[in-house]
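Colleague: I am new to this structure and would like a close look at one part of it. Please show it first.

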Amino acid sequence: HVNYRNAGTIEFLYQDGDFYFLEANTRVQVEHPVTEMVTGFDIVKEQIHIASGEQLGIKQEDLEMNGWAIECRINAEDPLNNFAPAPGKLKHYRSPGGTGVRVDSGVHSGYVIPPNYDPMISKLIVWGRDRYEAINRMRRALYEYIVQGVTTNIPFHKAVMENETFVSGNLGTHFITRETTLLDDMIKIEERDQPLEQ
């Protein structure tokens with residue numbers, strides 16, 4: 001109806017069997033790996049084919065959903081300072097891996113997170129056969145990260161993955177503002193997980 005011909009994202013909210021339109025993004029969104037993980041369909045590759053004048057390589061009825069995927073944006077930011085950017089030099093960087101884990105990143109040890117742009121370090125995406133397996137994989141992957149030199153939101157993501165409301169799936173768009181203990185939980189998790197001094 002709008003003569004749009006490219007890969008893009010149409011966002012809706014879903015409640016009680018009804019979809020509510022939010023927005024159309026005429027680009028691939030940062031969350032596209034979640035869709036790719038559950039469909040096995042490379043959205044960026046298809047976008048390039050379409051831009052080259054080729055036809056879309058798949059029909060809607062050919063897409064099948066398989067399992068669950070979760071994405072965490074790993075940012076150089078300080079959750080205790082209203083998630084303010086925390087730019088600086090990555091003294092050491094190692095990302096997680098393993099079955100069902102995908103990391104989209106362009107940083108490395110020695111890379112400088114700039115102060116005048118998005119402080120994203122990476123996108124961490126995990127896949128599981130069901131929601132609980134995906135959550136457990138995300139928990140493991142978050143603990144495998146090594147990011148030294150900047151403050152990150154990894155501890156906050158750990159707190160979310162351990163939050164009972166999140167794990168139950170009984171959440172909505174006000175999850176973070178309603179779960180008022182998340183920052184306190186984050187601090188407790190970080191204290192609990194500090195390595196013992198040698």
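Which order and which pairing do the strands of the open sheet have?

Modeller: This is a predicted model, in which local features need pLDDT of at least 70 and side-chain atom pairs count only at pLDDT 80 or more, while totals for chains, interfaces and linings use all residues. Residues are numbered from 1 along each chain as its sequence is written, and side-chain values use heavy atoms, with hydrogens and water left out.

The open sheet has three strands in the order S3-S10-S8, with antiparallel pairing. Strands (E, at least two residues) and helices (H or I, at least four) are DSSP runs, numbered from the N terminus; two strands pair if DSSP finds at least two bridges between them. Strand S3 (68-75) and S8 are the edge strands, each pairing on one side only. On average, neighbouring strands of this sheet are turned by 15° against each other, direction ignored. Axes here are lines fitted to C-alpha atoms, for helices over the stretch in contact, and angles run from 0 to 180 degrees between N-to-C directions.

Eight bridges join S3 to strand S10 (residues 120-128) in the antiparallel sense. Within S10, Ile125 stands opposite Glu71.

Two helices belong in this picture. H1 lies across S3, S8 and S10 and runs at about 25° to S10. Helix H3 (residues 131-144) packs on the sheet and touches S3, S8 and S10 (contact means heavy atoms within 4.5 Å), with its direction at about 145° to that of S10.
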